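Subject: Structure handover

Hello,

Here is the structure you asked to look at. Please open it first, then read the notes below it.

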Amino acid sequence: MLAKVCSAAVNGIEAYPVEVEVNTGYGDTIIVIVGLPDAAVKESRDRVMTALINSGFSFTFGRTTINLAPADVKKEGPSFDLPIAVGMVAASEQMESDQLSNFVMVGELALDGAVRPVKGVLAIALAARKQGLAGVLVPPENAPEAAVVNGLQVIPVQNLREAVSFLEGETKIAPVKVDVAKMFDEHHDDELDFAEVKGQESVKRALEIAAAGGHNALLIGPPGTGKSMLAKRLPTILPPLTLEEALETTKIHSIVGLLAPGQALVTRRPFRTPHHTASDAGLLGGNINPTPGEISLAHHGVLFLDELPEFKRSVLETMRQPLEEGRVTISRAAGTMTFPSEFMLVAAMNPTPDGKMPGESRSSPREIQTYLGRISGPLLDRIDLHIEVPAVKFREITSERTGETSAEIRARVMAARRRQHERFKSKPKITCNARMGSRELKQYCALDEATLELLKFAMADLSLSARAYDRVLKVARTIADLAESEIIAADHISEAIQYRSLDRQLWT
C-alpha cells in the first residue's frame, strides 16, 4: 500500500515542502530510502524500525520504499524520522486517517518512540502556513517556536503512538499558543546599562550616533579603558526588534540550533563576539553544506570583534562585501546559499602592539606599522566612526555620580530612527542612514556652499577616499537627526569629520 505524508526541510534559512512517500510490497525484507538522503536520514531506517516495535506497531515484512520528494534536493538531518514512521504505519494499514495531507510533521525519534526536538522549526512552520496547511506536528520543545506563526495549529506530540492517535482522531491535543506581545514586554533584570560606565562621555556620544544611524564603529585605545564594556552595552540603546526582525533573527538561530529549549522568539538584538581565531567559514558561514556564520547570527544586532588586528587579515577582508550589501553569498559544491547579514560592526583594538599610544609605546615604528597594517584601508573605509577611547581619570573612577542610563539614550536614538523611518518609508530596503546609497545621499544630504567647502578642505587635509566621503555624509545626517534638524549644518559635518581623523593619525 502507498501512503503520503507531508514534511519539510530547510535550505539556507528558508524551508521547502517535502513529500514522504512510503510504499510497502512483497519481496525480501528491506527498507530503501531514496531522494538524496544524507547519512543521518539513511540511519533513520534503524531508528524508525525500533521505534515502531517499541511503540506497539508491527513491522511489515517485505520491500519498503521510502521516497523523499523532490528527489533532486539533498535531505539532511533526523527530522524525517516522525513522518517516515507515520507513513510506514499508514502504508501497513495499521491506522486510518484523512489528516495526513493537512499537517506537516517533523521530529527525531528515540528508540522508545519518543519525539525529540529538531532545528529550523520556525522556518518549517512559516512554509506550512504558506502552503495553506492546517498545522504542524512537532516535538513539544519546538512547539512554542512554531506557535509564533499565526493561523497555524501547532500540535505537540510526545511520542509516535500519540501522533498516530491524534491523526486518527482518537486523542485530542490542544494546539500550543503563545503571547508574542508579552514576550516583547518582558523586562530582563540582567541587562547591562550605560549608567554603569564611569566617564567616557565622548565615547558614549559616538556610540549614540552609531546606534541612531546603524553605523559601524571602531574603538581605539589602551587596555583597561572600557572598550569591551562600552561595546557590550550598545544593544541596550538600540531600538527594540520589530516582529518581522525578530522572526527573521529567530529563523537563523533556530537553523543553527541556538534557541534554548522552549524558547519561542529572539526578542533582544543579538550580540555576537567571535574569538579572533575564528575562520572565514566560522565568521561568514560555509562548511560542505553552507550554514549561517557569525555575521548572520548577528543579523539585526551587533557583531563585536575584540582585538581586531589579531584576526587573520584574510578573514577580515571577506567581510567587505557583507558590510556593503547586508547579505553574504556562500558558494560550495553542494550549492549556493545567501544569508542575511545586516548587522552593526563594532571593533576594538589597541593603538600599538604593547597597548600604548604611539608617542609612549616602546614598540619600534616598524612593529607598530606591521601591527596596524593587518587592517586594510578598504576595511577601515567601511567603518563609519573611528573613536578614541582614552584612559579613565581617577576622579571619574571614584566619582559617585552616574551618567545617563541606557533608557535615556535609547529614547533619543529611537526618536532619530523614527525620523529616518519617515524619510525612507517609500524605500523599505533602507532601514537607517547607514544603508543609504548614492542616490539617497544626493537627495537627503545636500550641503550649502560653506558646509561643502569645509568638507572639501577636510577631505584634502585627511586624504579621505570617496567611500570615506560618503561615510562622513551619512554620519552627519544622523547627527542632524539627533539634533532634530532637517538640514545638515557645519557643526554636524565638523563632528562627523572628527570621527574620521583618528585613523589617519595612526595609519599614516
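A pocket, as the word is used here, is an open set of grid points where a 1.4 Å probe fits, with protein on both sides within 12 Å along at least five of seven lines. Its volume is the space filled by probe spheres set on those points. Please keep in mind that this is a predicted model.

The largest pocket has a volume of about 1600 Å³. Of the 47 residues that line the largest pocket, Glu 342, Lys 429, Ile 430, Thr 431 and Cys 432 are the closest to its centre. Two or more lining residues come from each of helix 10, helix 14 (320-325), helix 18 (406-423), helix 19 (438-444) and helix 21 (466-482). The biggest share is that of helix 10, which supplies five residues. Sorted by type, the lining of the largest pocket has 16 nonpolar, 11 polar and 20 charged residues.

Now the overall picture. The protein has 508 residues, and 53% of them are buried. There are 22 helices and 18 strands. Along the principal axes, the C-alpha atoms fill a box of roughly 85 × 50 × 45 Å. The accessible surface is about 23100 Å², and carbon and sulfur atoms account for 51% of that surface. If you take the contacts between residues at least 6 apart in sequence, 74% of them join residues at least 24 apart.

Next, helix 4, which runs over residues 121-131. Its buried residues are Val 121, Leu 122, Ala 123, Ile 124, Ala 125, Ala 127 and Ala 128. Among the elements that cover these buried residues are strand 1 (2-11), strand 2 (14-24), strand 5 (103-105) and strand 8 (135-138), along with helix 5 (143-147) and helix 10 (243-256). After helix 4 comes Gly 132, with a positive phi near 80 degrees.

Pro 83 sits in helix 3 (residues 81-91). Pro 83 counts as buried because its relative accessible area is 0%, and the cut-off for buried is under 20%. Leaving out residues up to four places away in sequence, Pro 83 touches Val 5, Ser 7, Val 20, Met 105 and Val 106. Val 73 is 10 residues away along the chain, and its C-alpha atom is 18 Å from that of Pro 83.

Arg 477 belongs to helix 21. With a relative accessible area of 2%, Arg 477 is also buried. A polar atom of the Arg 477 side chain lies 2.7 Å from the backbone oxygen of Ser 485.

Last, some backbone details in loops. Which residues does a cis peptide bond join? They are Ala 69 and Pro 70, and omega is about 10 degrees. Pro 70 is in the loop between strand 4 (63-69) and helix 3.

Glu 93 lies in the loop between helix 3 and strand 5, and His 300 in the loop between helix 12 (294-297) and strand 14 (302-305). Is each of them buried or exposed? Glu 93 is exposed, at 61% relative accessible area, whereas His 300 is buried, at 12%.

Regards

Note on methods: Residues are numbered from 1 along each chain as its sequence is written. This is a predicted model: local features need pLDDT of at least 70, side-chain atom pairs count only at pLDDT 80 or more; totals for chains, interfaces and linings use all residues. Side-chain values use heavy atoms; hydrogens and water are left out. Buried means under 20% relative accessible area, exposed over 50%, partly exposed in between (1.4 Å probe, protein chains only). Helices (H or I, at least four residues) and strands (E, at least two) are DSSP runs, numbered from the N terminus. Contact means heavy atoms within 4.5 Å. On a 1 Å grid over the protein atoms alone, a cavity is a set of points where a 1.4 Å probe fits but cannot get out, and a pocket is an open set with protein on both sides within 12 Å along at least five of seven lines; lining residues have an atom within 4 Å of a point. Ala, Val, Leu, Ile, Met, Phe, Trp, Tyr, Cys and Pro count as nonpolar, Asp, Glu, Lys and Arg as charged, and the others, Gly among them, as polar. A polar contact is a pair of N or O atoms within 3.5 Å; within protein, one must be able to donate a hydrogen and the other to accept it, and residues adjacent in sequence count only if both atoms are side-chain atoms. Accessible areas come from the Shrake-Rupley method with a 1.4 Å probe; for residues, only the protein chains shown count as cover.
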